[in-house]
Amino acid sequence: MKEKLWKHISAVRTQSPLVQNITNYVVMNNTANALLAVGASPIMAHALREIDEMVALCNALVVNIGTLDHAWSDAMLQAARRARALKKPWILDPVGAGATSYRDQVLSRLIALRPTAIRGNASEILALANANQSRTKGVDSTAQSSEALDAAKALHKLTGAVVGISGETDFIVSDQPVIQIHNGTPLMTRVTGLGCSATALIGAFLAVTENSAEAVAAATALLSIAGELAEKNSNGPGSLQMNLLDKLYNLTEDEFKNTLRIEA
């Protein structure tokens, strides 16, 4: 598995996929820089009038509902429709799922357009799958990632999407055996938007990888390992963010394989 995942990382670096991001104001700069650091090319475009052309131009689509409004939700829905029509991969980040009825209504319509992958924290995945009356604390999870496994399986069965659950242990749920990744550092939770960066990176990997579960696993492992190694030279969340970007850019094959802790 380690060899396969590293090949996917190398493919992103050499193929430089073009990734369209309809994402939130908070993380645009973070996610664009993360994509550039791994070798991908980001486009941050959400104007409804150019959506059809932009989706056709790009290799993958990232939809992140963090800062919703009516104009952006219309753009997200149109982009997802266009990606599906063109058979291009797209990933949904259900930020704050369960927090408001409007957010859940938009998510319901997006889910119906069958994303290739979905990535969220445990509370978001629970809410999205309607597994229980899970409450979401803003965009932070109030549940452990393992608590959302059954919900993720139900969500995969409903949509066909590969489902990534972020947390102390990251889980990737698909029609293949569940993948567990045990990397990262608690300090990463003190930097805004790293979950959103994970989603954006998954978009890049979906663009170059036929096996969607491996794409989600490779992107998740890459970011978690970069954060874990970056912490060694960081004094806090500010320096972690800088060092993490550098590590995404210069991570070596030996570092990746020697650090990765994975069960599949």
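Predicted model: local features only at pLDDT ≥ 70, side-chain atom pairs only at ≥ 80, totals over all residues.

User: What's the strand order in the open sheet?

Analyst: It runs β2-β1-β3-β4-β5-β6-β7-β8-β9, nine strands with mixed pairing.

User: Which strands stand at the edges?

Analyst: β2 (41–44) and β9 (262–263). Each has a single partner strand, so one side of each lacks a neighbour in the sheet.

User: And in which sense do β1 and β2 pair, parallel or antiparallel?

Analyst: Parallel, over four bridges.

User: Switching to α5. Which strands does it touch?

Analyst: α5 packs on the sheet against β3, β4 and β5. Its direction makes about 160° with that of β4.

User: Which residues of α5 are buried?

Analyst: Arg103, Val106, Leu107, Leu110 and Ile111. They span an arc of only 135° around the axis, which puts them on the same side of α5.

User: What covers them?

Analyst: The cover includes those three strands plus helices α4 (70–85), α6 (122–128) and α7 (149–159).

User: Now the cores. How many residues are in the largest nonpolar one?

Analyst: 49. Ile172, Leu201, Phe205, Leu244, Leu248 and Phe256 touch the most other members. α9 gives the largest share, 13 residues.

User: What does leucine 244 touch?

Analyst: Beyond its close sequence neighbours, Met188, Leu194, Leu223, Ala226, Gly227 and Ala230.

User: What about a second core?

Analyst: That one is separate and has 41 residues, including Val27, Ala75, Ala97 and Ala151.

Note on methods. Residues numbered from 1 in each chain as written. Heavy atoms only, no water. Buried < 20%, exposed > 50% of the residue type's maximum accessible area, 1.4 Å probe, protein only. Helix = DSSP H or I, 4+ residues; strand = E, 2+ residues; numbered from the N terminus. Arc of directions from axis to C-beta. Contact = heavy atoms within 4.5 Å. Pairing = 2+ DSSP bridges. Axes fitted to C-alpha atoms, helices over the stretch in contact; angles between N-to-C directions. Core = buried A, V, L, I, M, F, W, Y, C linked by side-chain atoms within 4.5 Å. Lists of a residue's contacts leave out its neighbours within four places in sequence.
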